[in-house]
Amino acid sequence: MLVSWSTIFEAFLETVQMVSISFIFSVILGLPLGILLYVTRPGQILENKIIFTILNGVINVFRSLPFIILLVAIIPVTKFIVGTSIGTEAAIVPMVFFAGPYISRLVESSLLEVDEGVLEAADAMGATPMQTIIKFVLPEAFGSLIVNFTISIIGLVGASAMAGTVGGGGIGDLAITYGYQRFDTVTMLITVVILIIMVQGLQSAGNKFARVVRRR
Amino acid sequence: MIEFIDVDKTYHGSDAPIHALDDINFKVDTGEIYGVVGYSGAGKSTLIRCVNQLESVSAGQVIVDGKDLTALAPTELRVTKKRIGMIFQHFNLLNSKTIYTNVAMPLILNKTPKNEIKKRVAELLEFVGLSDKASQYPDQLSGGQKQRVGIARALATNPSILLCDEATSALDPQTTESILELLRKINKEYNITILLITHEMSVIRDVCHKVAVMENGKIIERGSVFDVFSNPQTETGRRFVNTVMQTELPAYVRELIQEQDNSQFIYRINFISKLAVKPYLSQISKLYDLDVNVLFGNITELQGVPFGNLIVQFDGSHDELKKALLYLEENNVQYSEVNTYAG
Ligand SMILES: Nc1ncnc2c1ncn2[C@@H]1O[C@H](COP(=O)(O)OP(=O)(O)OP(=O)(O)O)[C@@H](O)[C@H]1O
Ligand SMILES: [Mg+2]
């Protein structure tokens with residue numbers, strides 16, 4: 001093994017940092033967009049064909065780019081936002097561009113699962129569109145949102161490993177520089193194990209949380 | 001009060017447009033329980049959903065408590081909707097919220113102070129008999145209990161109107177009975193106007209004062225429950241009435257009608273209320289020179305009042321018959337001669 005345990009631990013922390021920060025920004029971006037997609041969809045409470053079509057199209061464009069391409073393609077944007085295209089901060093930008101649109105889609109599908117009847121009840125009570133979303137739709141979709149957020153955060157763990165290839169740091173970086181370029185099989189195995197444990201942990205935490213929310 | 005004036009509703013689907021409401025004109029007076037009955041697809045749901053504008057009309061006016069809802073701006077409309085409660089076939093409760101919060105929701109939307117909400121919700125849960133369920137969730141309740149929650153929620157803002165869209169269709173007969181009882185209580189205690197739609201004539205029989213029969217987007221028949229039950233004017237109306245009380249003449253009666261000679265007369269006699277127990281028929285056979293023969297009959301309860309429907313054969317002279325009919329008239333007993341297949 002060519003690396004020390006403290007280097008591995010450092011890389012782990014970098015991954016945690018990348019994933020959590022980019023997740024927060026992705027939710028900040030994706031949640032409102034997902035809600036907007038939902039309400040402007042034809043037949044929904046704030047139906048708006050123009051907004052829906054544009055948003056839908058833009059999100060599809062981002063969603064059709066594989067992360068590794070996105071990573072390289074938006075380097076100018078990354079440079080503009082964080083001043084550099086290398087390092088942990090620089091990796092966060094493409095990760096948000098990757099996960100934000102993804103989350104907006106998942107949010108949209110979670111909200112679409114909410115029973116028509118609940119919307120009808122809200123309408124009959126004279127709820128404003130804002131109240132309908134905040135008091136009816138989001139609480140009813142909460143369990144499903146948790147499940148989908150879990151999926152996205154796990155997606156981000158995968159993306160963070162790829163971001164390593166452009167010097168993003170973290171576990172992925174370690175695996176590439178030592179495991180791949182220097183044939184350090186032990187380091188490679190350790191990084192793989194760490195990733196598996198992370199994903200497993202996140203998944204079961206997400207499941208547990210969703211179960212609590214749904215009370216079953 | 002609810003009034004429909006020349007209301008049309010057309011759905012422009014993917015293929016041919018569907019005329020869900022076709023020239024609807026009718027009025028529900030304050031304090032009435034008005035039932036609308038019809039087969040699937042008749043347009044009942046569309047009709048009731050126009051009352052609180054869950055569905056907008058294509059033409060015409062919907063007047064609720066003096067306001068034309070079709071002319072209101074969205075903000076005004078939302079205010080008006082709070083004066084109209086609605087309950088649903090599938091309850092439409094928030095599964096993520098407790099019973100307390102579900103009932104409180106209309107008040108939360110109104111930004112009512114917390115302590116007032118607490119008082120009102122306690123009152124409402126007491127009224128529907130679910131005080132002990134406040135902290136439970138809808139999936140812990142039975143269908144009947146869920147509908148009670150729906151009712152409590154609908155009453156939260158003291159509406160003047162309650163709309164019930166197939167409110168008992170997902171419930172068993174016994175639970176249905178208890179929900180209907182609750183609707184009667186709401187109507188009596190708060191003088192709330194109730195418009196309900198159903199495909200079950202028994203619901204109409206048990207709670208409604210008036211009834212309208214819908215078919216193909218039109219109201220084809222309407223009137224007091226007594227009138228429609230005793231004398232349905234349309235084929236569909238007759239079929240609905242027949243689901244709860246047999247008015248169709250059995251085959252043997254129809255044969256008798258075919259065979260009746262000059263001294264035999266077959267009449268349908270409807271009687272209501274206490275009249276049912278008075279022995280008019282035996283009086284007739286005593287007072288006049290007529291043989292009275294009950295061929296067929298049944299007695300149903302309409303709004304807690306016995307309603308009887310008898311097919312009777314009088315045997316005797318024409319003069320005696322005339323006297324007997326006069327006697328029935330004097331005693332306000334409805335009768336009509338039966339001489340056709342349809343009766
Ligand atoms: N949103 C809609 N889009 C298109 N057509 C509709 C829509 N809602 C109802 N319809 C059509 O309008 C007609 C009346 O429907 P409606 O739901 O009012 O009937 P209903 O009497 O309530 O029937 P049911 O007893 O099955 O509930 C039907 O032909 C139905 O297919
Ligand atoms: Mg219906």
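Student: How do the side chains of A:E120 and B:R49 meet?
Tutor: They form a salt bridge, with N to O at 2.2 Å. The term stands for a side-chain nitrogen of Lys or Arg within 4 Å of a carboxyl oxygen of Asp or Glu. Keep in mind that this is a predicted model, where local features need pLDDT of at least 70, side-chain atom pairs count only at pLDDT 80 or more, and totals for chains, interfaces and linings use all residues. Residues are numbered from 1 along each chain as its sequence is written, chains are lettered from A and ligands numbered from 1 in the order in which they are written, and side-chain values use heavy atoms, with hydrogens and water left out.

Student: Thanks! How many salt bridges are there between chain B and chain A?
Tutor: The count is 2. There are also 8 residue pairs in polar contact across that interface, both residues at pLDDT 80 or more. A polar contact is a pair of N or O atoms within 3.5 Å; within protein, one must be able to donate a hydrogen and the other to accept it, and residues adjacent in sequence count only if both atoms are side-chain atoms.

Student: New topic: what domains is chain B divided into?
Tutor: Domain 1 covers 2-244 and domain 2 covers 251-337; such bounds come from an automatic or database domain assignment. Their C-alpha centres lie 39 Å apart.

Student: What do the two domains of chain B bury between them?
Tutor: About 770 Å², of which carbon and sulfur atoms give 65%. On the domain 1 side, B:R205, B:F226 and B:S230 supply 69% of the area buried against domain 2, more than any other three residues. In residue terms, 7 from domain 1 are in contact with 9 from domain 2.

Student: How many salt bridges sit between those domains?
Tutor: The count is 0. Helix α8 (residues 225-230) of chain B gives the largest share of the domain 1 side, 4 residues.

Student: Over to chain A. What's its secondary structure?
Tutor: Chain A has 9 helices and 0 strands. Its C-alpha trace spans about 65 × 40 × 25 Å along the principal axes. Of its 216 residues, 46% count as buried, meaning under 20% relative accessible area, with exposed over 50% and partly exposed in between (1.4 Å probe, protein chains only).

Student: Is A:E47 buried or exposed?
Tutor: A:E47 counts as exposed because its relative accessibility is 51%. You'll find A:E47 in the loop between α1 (5-40) and α2 (49-64) of chain A.

Student: What does its side chain lie 3.0 Å from?
Tutor: A polar atom of the A:E47 side chain lies 3.0 Å from the backbone nitrogen of A:G43. Leaving aside neighbours within four places in sequence, A:E47 is in contact with A:V39, A:T40, A:R41 and A:P42.

Conventions:
Contact = heavy atoms within 4.5 Å. Buried area = accessible area lost by both parts, 1.4 Å probe. Helix = DSSP H or I, 4+ residues; strand = E, 2+ residues; numbered from the N terminus.
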